[in-house]
Amino acid sequence: MLSHRTIWDGIDALARRQGVSVSALARLAGLDATAFNLSKRVSKDGRERWPSTESIAKILEATGESFDSFLQGTGGYFQTHSGFAEPPARTVPLLGLAQAGAGGFFDSAGFPVGQGWDEITLPTASDGGIYALEVTGDSMEPLYREGDRIVVSPTEQVRRGDRVVVKTRDGEVMAKILARQSAKQIELHSINPAYEPRTLEIEDVEWMARIIWASQ
């Protein structure tokens, strides 16, 4: 039986198969870029909304997919040439903090509404072996406190200024900010000013991975 959730899952799966966001999928079909945003899936009074049959027809025409293939993506998994793949990544509406105060972006209950929202993809368990660590110590306070959980990706490119987890060859694991990296050394900073910066030789570092999410 089809439900609101499964139909929206089918749209998300179709976007994933095309390698685009749902906003880009909407634009590809000649629709408003926000047509499939999360803010359009629930009405202001909390009732679930159905996507229009016209919008579904347009995205199928734009992508050259059949309705049968679309339905295969509504069950949480979609069929590929080699079997069944993981469900598509979830996205949530994204808005700049300063812009959020301008009005018209939230309903009275605090749910996102209106135009102007972008999207951000949430990490999923299938995203390149990501994992979570629980924070201990206070070197990253007040950003990360003891007991907070951080999500780490070993495949994301690490750049200067990123929050990272570093494991040394001596077995020490730490959450820091990558302040500088050269061919021979990395310099790591803490948020807490009570902790001095640390400089490690590259040869002493077993691995370094980027922190991509935090749960407090």
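**View 1. Strand E6 and its burial in the predicted model.** Four of the five residues of strand E6 (residues 149-153) are buried, so this strand is largely enclosed by the rest of the structure. Buried stands for under 20% relative accessible area, with exposed over 50% and partly exposed in between (1.4 Å probe, protein chains only). Strands (E, at least two residues) and helices (H or I, at least four) are DSSP runs numbered from the N terminus. The model is predicted: local features need pLDDT of at least 70 and side-chain atom pairs count only at pLDDT 80 or more, while totals for chains, interfaces and linings use all residues. Residues are numbered from 1 along each chain as its sequence is written, and side-chain values use heavy atoms, with hydrogens and water left out.

**View 2. Partners of E6.** Strand E5 (residues 131-134) pairs with E6 in the antiparallel sense over four bridges; pairing requires at least two DSSP bridges between two strands. Arg-149 in E6 is the bridge partner of Glu-134. E6 and strand E11 (residues 205-215) run antiparallel and are joined by five bridges. Opposite Val-152 stands Ile-211 in E11.

**View 3. The open sheet.** Seven strands follow the order E5-E6-E11-E7-E8-E9-E10, with antiparallel pairing. E5 and strand E10 (198-201) are the edge strands, each pairing on one side only. From one strand to the next the twist averages 45 degrees, taken between axes that are lines fitted to C-alpha atoms, for helices over the stretch in contact, with angles from 0 to 180 degrees between N-to-C directions. Four bridges link strand E9 (residues 185-189) to E10 in the antiparallel sense, and Gln-185 faces Glu-201 in E10.

**View 4. Nonpolar cores.** A nonpolar core is a set of buried Ala, Val, Leu, Ile, Met, Phe, Trp, Tyr and Cys residues joined through side-chain atoms within 4.5 Å. The largest has 15 residues, and Ile-11, Leu-14, Leu-25, Leu-31, Phe-36, Ile-59 and Phe-70 have the most contacts inside it. Helices H1 (4-18), H2 (22-28) and H3 (53-63) each supply at least two of its residues; H1 gives the most, with five. A second, separate core of ten residues includes Met-140, Ile-150, Val-165 and Ala-175.

**View 5. The aromatic pair.** One aromatic pair is counted. The ring centres of Trp-8 and Phe-36 lie 6.3 Å apart with planes at 70 degrees, so the pair is edge-to-face. Rings of Phe, Tyr and Trp (its six-membered ring) pair with centres within 6.5 Å; planes under 30 degrees apart count as stacked, over 60 as edge-to-face and the rest as tilted. Both Trp-8 and Phe-36 are buried.
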